[in-house]
Amino acid sequence: MKEQTSISKATIDRLPLYFRTLRLVQDEGRDIISSEELGRRLGITPEQIRKDLASFGQFGKKGVGYYVNELKRNVGEILGLNNHWNIAIVGLGHLGAALANYQNFVTLGFNLVALFDQDPNVIGTIVNHVKVDDIKHLKAVVKERNIQIGIIAVPAAFAQGVADQLVDAGVKGIWNFAPIKMKVPDTMHIVNEDLSIGLSSLSYHITRK
């Protein structure tokens, strides 16, 4: 697998779509898939798929297609899913609890190893086999359990403080569900999921259809 440093964000953003589709194809019992069929399933041209994958190496066989298991494994390696990252969720409200019970974390190779909250009624409870810790112990638990990714599911007013704690504890990345723009060091990779933006965008398109 070749290494490149100038791969576009659009290409990287499509890789999880390829991985998800390949998982579905694998579940169907298929051994081979063409770029044409992969493209039809995703609404992406076969040429774009071949170009994206060629950024990382040579996959598939001309005139045959892609071997599903092999390509899924390779795309998973490119995405770093074989690292089996340890993750923690901060905030066990409705959203945090739903995320804690999300079964695909395991199938994707992520290990949910810690949950944090500040509510005395929540601390000590068990969610999806994981005990909820007091957020005041966050730094110690992150280090003790080698947690690399922190998920923020707290109200906006508390989100920046949680982000600061996660950064100080040494996580490598943050997945933020709070509807605010975080201030984090340039070295920290953060992905923001703002549900209100998605719904507002959907409302815009429906209104004008």
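Reader: Which side chains meet in a salt bridge with Glu 37 and Arg 41, and at what N to O distance?
Author: In this predicted model, the side chains of Glu 37 and Arg 41 meet each other in a salt bridge, at 3.2 Å from N to O.

Reader: Where do Glu 37 and Arg 41 lie?
Author: Both residues lie in helix H2, 4 residues apart, which is about one turn of the helix.

Reader: And is Glu 37 buried or exposed?
Author: Glu 37 counts as buried because its relative accessibility is 17%, under the 20% limit. Arg 41 is partly exposed, with a relative accessible area of 35%.

Reader: Which residues are linked with Glu 37 and Arg 41 in a network?
Author: Glu 28 and Arg 30 join Glu 37 and Arg 41 in a network of salt bridges.

Reader: How many salt bridges does the whole structure hold?
Author: The search finds 9. One of them pairs Arg 145 with Asp 133, the closest N and O atoms being 3.4 Å apart. This pair links distant parts of the chain, with Arg 145 in the loop between helix H7 and strand S7, and Asp 133 in strand S6.

Reader: Back to helix H2, then. What does the side chain of Ser 35 contact?
Author: The side chain of Ser 35 makes polar contacts with the side chains of Glu 36, at 3.4 Å, and Arg 50, at 2.7 Å. Ser 35 belongs to helix H2, residues 35-42.

Reader: Is Ser 35 buried or exposed?
Author: Ser 35 counts as buried, at 6% relative accessibility. Beyond four places away in sequence, Ser 35 touches Pro 46, Ile 49, Arg 50 and Tyr 66.

Notes. Residues are numbered from 1 along each chain as its sequence is written. This is a predicted model: local features need pLDDT of at least 70, side-chain atom pairs count only at pLDDT 80 or more; totals for chains, interfaces and linings use all residues. Side-chain values use heavy atoms; hydrogens and water are left out. Helices (H or I, at least four residues) and strands (E, at least two) are DSSP runs, numbered from the N terminus. Buried means under 20% relative accessible area, exposed over 50%, partly exposed in between (1.4 Å probe, protein chains only). A polar contact is a pair of N or O atoms within 3.5 Å; within protein, one must be able to donate a hydrogen and the other to accept it, and residues adjacent in sequence count only if both atoms are side-chain atoms. Contact means heavy atoms within 4.5 Å. A salt bridge is a side-chain nitrogen of Lys or Arg within 4 Å of a carboxyl oxygen of Asp or Glu.
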